[in-house]
There are 2 protein chains.
Amino acid sequence: MGGDRAPDEIVAGACRAAAELGVEVLLVGDPERIGDAGGLAVLAASEVIEMHDDPAAAVRTKRDSSLVRAAEVVRDGHAGAMVSAGNTGAAMVSALLRMGRIKGVNRPAIATPIPVPGSTPTVVLDAGANAECSPAWLVQFAQMGSAFARQRFGIPEPRVGLLSIGEEPSKGTSLVKETHQLLAAGAAGPEVCFVGNVEGRDVMSDAVDVVVTDGFTGNVVLKTIEGSMRFAMRAVLGALDSDEATKAAGEVLLPALLPLVTELDADTYGGAMLLGVKGVCVISHGSSSARAIVNAIRVARDAIDADLVGRLAASTGSAVEA
Amino acid sequence: MGGDRAPDEIVAGACRAAAELGVEVLLVGDPERIGDAGGLAVLAASEVIEMHDDPAAAVRTKRDSSLVRAAEVVRDGHAGAMVSAGNTGAAMVSALLRMGRIKGVNRPAIATPIPVPGSTPTVVLDAGANAECSPAWLVQFAQMGSAFARQRFGIPEPRVGLLSIGEEPSKGTSLVKETHQLLAAGAAGPEVCFVGNVEGRDVMSDAVDVVVTDGFTGNVVLKTIEGSMRFAMRAVLGALDSDEATKAAGEVLLPALLPLVTELDADTYGGAMLLGVKGVCVISHGSSSARAIVNAIRVARDAIDADLVGRLAASTGSAVEA
């Protein structure tokens with residue numbers, strides 16, 4: 001029920017996913033507002049957590065909201081994953097409170113893939129779940145991010161970088177310096193290939209596969225990239241549109257530019273994943289189209305099939321409770 | 001003597017600035033490596049702080065380096081400003097230790113203008129001088145950033161935003177939340193027009209004129225924008241180059257794209273400014289061309305003419321010591 005284009009685009013995407021991917025999709029929300037569910041099952045939920053609601057308060061008070069109910073059906077084993085395009089914070093809090101943390105995981109983190117055309121995406125985590133972090137949490141993010149990049153993008157040995165303001169271990173905040181020491185000393189274990197500090201300019205490059213940072217910095221990085229790309233696209237399209245000659249040239253160029261636009265489009269990537277909870281939780285962006293929802297459901301299906309939660313538990317040296 | 005293209009491009013830029021702007025330029029460095037100084041005066045300095053040198057250690061041990069000597073001539077009143085394309089940290093430390101802080105300023109900050117085509121640039125500070133900050137320092141950055149945006153870009157009432165991960169005052173780290181409270185309560189005084197929290201996507205927009213943040217986050221933002229823009233440019237140029245038809249279209253488009261490239265080029269903006277020291281210190285980027293140096297010298301000249309240091313002292317409620 002959440003998100004800018006709910007429920008129509010969400011329902012349309014769910015129907016397409018059921019048909020194209022052959023997965024069973026359960027819609028959670030207000031049956032009246034959903035309307036024609038295209039044959040999908042609907043679990044009624046009378047409340048909606050709005051985009052502007054305070055996440056923690058909303059999850060506490062709106063117990064019959066679609067977000068909370070969706071997390072509960074995963075907890076109860078009636079669904080393998082939840083997918084939401086609603087309030088990100090509330091999706092996270094619902095998943096955390098209803099599914100619970102994987103044993104031994106300090107804090108779940110949001111992992112967001114950043115497109116790198118010509119290469120696999122770079123996974124940035126934490127992208128906003130925890131504004132303030134400790135070095136031990138960041139070490140776990142390195143473990144979970146590695147396991148996720150392996151599962152999601154098939155990278156056999158993901159290169160893990162620590163986001164800082166210089167390559168030298170002496171650069172950055174005390175959080176970064178302490179985390180660097182831990183990772184360099186192998187605190188994340190042999191499965192994590194730590195390549196040292198990386199900088200903001202490396203995120204959209206193929207220099208690194210996983211970028212570990214606190215949720216404040218990670219969220220600022222994502223939104224900065226979003227703003228820069230929006231700006232660049234608008235500037236290029238503006239230049240194409242300046243006169244008759246450039247318009248004609250633009251028509252020739254569009255087919256060459258289109259794959260790039262598609263590759264950069266958040267819809268292509270199916271959104272972010274909350275890592276560290278006892279269930280699969282995919283968070284698609286608020287303006288998700290039906291296509292974004294199909295991709296988000298595909299990502300969720302793949303995570304279930306590959307036992308992502310079990311892999312995350314193993315990566316942090318813990319076992320998932322029954 | 002510092003920077004990737006020193007001394008040739010630096011000397012060429014200095015000569016052009018002297019001719020075009022009618023300012024007196026003093027070169028500081030190794031006379032032999034400088035060679036033909038084009039008639040400019042040269043102050044001999046036997047050492048060079050390299051790009052990879054540790055800033056604090058280098059300033060302490062290389063007392064006859066061009067960076068340290070340049071800061072000294074400003075301190076001693078023989079020059080009105082220093083301009084460097086060398087090691088940013090070392091330029092900052094030299095200026096701080098040799099010129100000293102403006103009385104009452106807690107910490108100097110690096111202010112970097114980010115181009116916003118169609119509008120005045122957005123000033124981001126701190127762009128890397130202080131990895132960890134206190135709320136009181138950020139309040140001063142708001143004051144100094146306002147005074148700088150007024151002087152440098154002629155914005156009568158610069159809108160000052162605090163970088164966070166949501167508009168709500170409750171979002172962000174404890175540093176951000178405490179700073180928000182102070183700024184919202186008017187702690188920066190009537191000269192600062194605080195517009196609340198802003199996000200990464202607002203930096204390259206005309207939504208705000210000054211973005212206040214700690215030096216870690218600020219540096220990550222700058223490098224993320226740099227990486228995104230480099231990536232976008234390369235992608236567009238790659239599309240233009242894909243076959244004969246797009247190459248022809250590209251030739252039509254280049255004149256329309258060129259003003260954009262110029263406007264985005266760091267060389268156009270003359271680099272960053274260290275605010276809070278008792279002198280003008282312009283830090284141009286390491287790969288500065290002669291054109292970048294001309295612009296950096298113009299920025300320095302304007303700052304002297306407009307008494308930027310006096311304005312900064314007034315903005316923080318203090319007076320510059322004689």
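User: How many helices and strands does chain A have?
Analyst: This is a predicted model. Chain A of the model contains both kinds of element, and the count is 11 helices and 10 strands.

User: What radius of gyration does chain A have, and what would a compact globule have?
Analyst: The C-alpha trace of chain A spans about 65 × 60 × 35 Å along its principal axes. For 322 residues, a compact globule would have a radius of gyration near 20 Å, which agrees with the value for chain A, 20 Å.

User: What percentage of the residues of chain A count as buried?
Analyst: A residue counts as buried if 20 or more other C-beta atoms lie within 10 Å of its own. Of the 322 residues of chain A, the share that counts as buried is 56%.

User: Why are the buried residues of α11(A) on the same side of the helix?
Analyst: Helix α11 of chain A covers residues 308–315, and its buried residues are A:Leu308, A:Val309, A:Leu312, A:Ala313 and A:Ser315. They lie on the same side of α11(A) because the arc they cover around the axis is only 165°.

User: What covers the buried residues of α11(A)?
Analyst: The cover includes both helices and strands of chain A. Among them are the strands β9 (272–275) and β10 (280–283), and the helices α6 (135–153) and α10 (290–305).

User: How far apart do the C-alpha centres of domain 1 and domain 3 of chain A lie?
Analyst: The domain assignment gives domain 1 of chain A as 8–105 + 276–315 and domain 3 as 227–255. The distance between their C-alpha centres is 37 Å.

Note on methods. Residues numbered from 1 in each chain as written. Chains lettered and ligands numbered in written order. Predicted model: local features only at pLDDT ≥ 70, side-chain atom pairs only at ≥ 80, totals over all residues. Helix = DSSP H or I, 4+ residues; strand = E, 2+ residues; numbered from the N terminus. Rg over C-alpha atoms; globule rule 2.2 N^0.38 Å. Buried ≥ 20, exposed ≤ 12 C-beta atoms within 10 Å, placed from the backbone. Arc of directions from axis to C-beta. Contact = placed C-beta atoms within 7 Å. Domains from an automatic or database assignment.
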